[in-house]
Amino acid sequence: MKYGHLLGLAGLLALWCAIWSCQPKSVEAPVNPDPNLPTQVTKPTPMEWKKPANLPEPVYDFTKNPLTVQGFALGKAMFYDGLLSQNGTISCGFCHQPAVAFAHVDHALSHGIRDQIGTRNVPGIQNVAWYREFFWDGGIQDLDLLPISPIQNPVEMGDTLANVLKKLRNDPRYPALFEAAFGTREINTERTMKALSQFMLTLVSANSRYDKAVRREGPALEEQEQRGLTIFKAKCAACHATDLFTDNSFRNNGLPRIPTAKVDDIGRGAISLSADDRYKFKVPSLRNIERTPPYMHDGRFLSLEQVLTHYATGITDSPTLDPALKTMTLSKQDQNDLIAFFRTLTDYDFLADRRFQPN
Amino acid sequence: MKYYLYCTFLCLGLLAVACSREAMEPETGSLSVQLNNVVGKAELAMNGTIYTNIAGEAFTVNKFDYFVSNIRLRKADGSEFVPPQDSSYFLVREADAVSQTLRLNNIPLDQYIGLSFVVGVDSLRSVSGIEKRKGALDPGDIHTAGMYWDWNTGYIFLKLEGTSPVTPVNATGKNNFQFHIGLFGGYRAQTINNLRTVSLTFGGQSIQPATTGSARIQVQADVQKVFEGSTRISLAKTPEVMVSNYSATIANNYATMFSFVSLTKTAQ
């Protein structure tokens, strides 16, 4: 036992040797933290997203992009910032205005950078969590990839995503906003797109008079509106299906060709390259329809009356005309009742929601 | 007591030796695929050099970019090593020499006798979320941007652009031709699928990844084959091929443009 202490020390030495030899061999100096970075990373605050009771399950995968208060704020800041365009003049909100369900009122065709005019009517942004495909032709397959298209379209925002990322990085405001939303100041494609998605995903419209009646939260529809709803269910709801008022399909609704139109827009046909898809366009939702003239992919109809006149008397046959429209009949009374019903789809809470407007 | 302590020291000593980094033999190495773009027997140059295709049409090249992905390495016994997919997407650009070396790391030290790869971006990745689009697949990268269709979600697999006196004058006053070949088969609506897989063998030779120095597989891509690989095409007839069914003809052609040249190993 005389050597007990010595043996104990030797044991400790051996243990130390063992531990030391298990360490990585490189002894690089610790990386100096960037003095600009705060030492504590604050976690973004989760933001609740509730599915309205009368809507189906959304298709967007929120687990890949959990909504946060700071992510939403960043998305909104970018949405209303002309920095996303080549010369600073065109923000997303330029063409997607909150008071008209994020469509562009009074513009038949989209109006972009340097007063250039596009070839299609600006679609609104509402209930995008339920859409798998975007744009009139469904060319965009994922909400998180959507903003790249208007940013880079030469007649819309006219920039490149690479340059927009560079501008965001060099902007005095954005690195801090990205840090608040994602934990670090890094600005990349994924974060930029996901923040924009977060803002767009919160644009849920489901508080119209119709919704409140359906959910028994408000008064029932009036007699004419109810008649309109009955006609709608019989003649329109096959395509304008569910309380989203679209089945998200692509259909040819019998619009006659306008011979003088600058482009012969074949819609979905240009995406799928299939003859069966020529002149098919996405079935739009009818939510807030009263507020979003003009109508159709090319904005050819200025009023709901003109739209219904088309379905009553204007449907033009072609190889891809939707079969459901071959036998469509609508009396003048039907048309008036339908319009009364459409007006119940205006969601004033949504259109006036302060959270969605520029700061 | 003493015996017990000796045992403890012995065990700890053995542990120390086992953990020592020097004692470990490297089990993987790196391998590079070196792509060299040519036009027939000549090196491809984008300086106005005039070439002539099989249809007798003169042309110059001012852009030649393509994606190589999903590289697989074949062993003599027929089995394959597949590097992790995330590190197997490369955008090869004629204008950027660095992009023409595709470096594969952490490759087991077997002897490889051939390889295969996809020209383009496989359909699964073409429909993946934004978080799976990094590096060469990042639409926010300035070079990748030119290889990405933002209006029709998908990558351009191969881009060949140039001029030819036989093509009509376009709005810029030039006789340009442009081939932008993409289309992965479609997301929910089916489209044509221009993904092509190329398989090459190393002429009976084999190569082992390098642990120090380099091990390179030299491969060449012949622009002439884009015009004649399986179907003879004419710039006069089809100066612009992008999103159309004819793009499949060009994809079939360029699928034949790759050939094995040599294996090189340098010790260092």
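What follows is a chat about a predicted model, covering chain B and then chain A.

Trainee: How many helices and strands does chain B have?

Mentor: Chain B has five helices and 15 strands.

Trainee: And what box do its C-alpha atoms fill?

Mentor: Along the principal axes, the C-alpha atoms of chain B fill a box of roughly 95 × 40 × 35 Å. The radius of gyration of chain B is 23 Å, whereas a compact globule of 268 residues would have one near 18 Å.

Trainee: What share of chain B is buried?

Mentor: Buried residues are 37% of the 268 in chain B. As for contacts with a separation of 6 or more, 75% of those in chain B are between residues 24 or more positions apart.

Trainee: Let's do strands. Which strands does β13 of chain B pair with, and in which sense?

Mentor: Strand β13 of chain B, residues 214-222, pairs with β1, residues 28-39, in the parallel sense over seven bridges. With β15 of chain B, residues 258-266, β13 pairs in the antiparallel sense, over eight bridges.

Trainee: Where does B:Pro209 sit?

Mentor: B:Pro209 is in the loop between β12 (196-201) and β13 of chain B.

Trainee: Buried or exposed, and why?

Mentor: B:Pro209 counts as buried because it has 24 C-beta neighbours inside 10 Å, and the cut-off for buried is 20 or more.

Trainee: What does B:Pro209 touch?

Mentor: Leaving out residues up to four places away in sequence, B:Pro209 touches B:Thr28, B:Gly29, B:Ser30, B:Leu31, B:Ile107, B:Leu109 and B:Ala215. B:Ala215 is the residue whose bridge partner in β15 is B:Lys265.

Trainee: Over to chain A. Which residue there has a positive phi although it is not a glycine?

Mentor: A:Arg114, with a phi of about 55 degrees. A:Arg114 is found in the loop between α3 (92-95) and α4 (148-152) of chain A.

Trainee: Is A:Arg114 buried or exposed?

Mentor: A:Arg114 is exposed, with 12 other C-beta atoms within 10 Å.

Trainee: Where is the cis peptide bond in chain A?

Mentor: The cis peptide bond joins A:Pro293 and A:Pro294, and omega is about -10 degrees. A:Pro294 is in the loop between β2 (281-282) and α11 (304-314) of chain A.

Trainee: Last topic, domains. How is chain A divided?

Mentor: Chain A is divided into domain 1, 66-204, and domain 2, 209-349. Taken over C-alpha atoms, the centres of the two domains of chain A are separated by 27 Å.

Trainee: How many residues are in contact between the two?

Mentor: In chain A, 21 residues of domain 1 are in contact with 23 residues of domain 2. The domain 1 side has 10 nonpolar, seven polar and four charged residues.

Methods:
Residues numbered from 1 in each chain as written. Chains lettered and ligands numbered in written order. Predicted model: local features only at pLDDT ≥ 70, side-chain atom pairs only at ≥ 80, totals over all residues. Pairing = 2+ DSSP bridges. Helix = DSSP H or I, 4+ residues; strand = E, 2+ residues; numbered from the N terminus. Rg over C-alpha atoms; globule rule 2.2 N^0.38 Å. Contact = placed C-beta atoms within 7 Å. Domains from an automatic or database assignment. Nonpolar A, V, L, I, M, F, W, Y, C, P; charged D, E, K, R; others polar.
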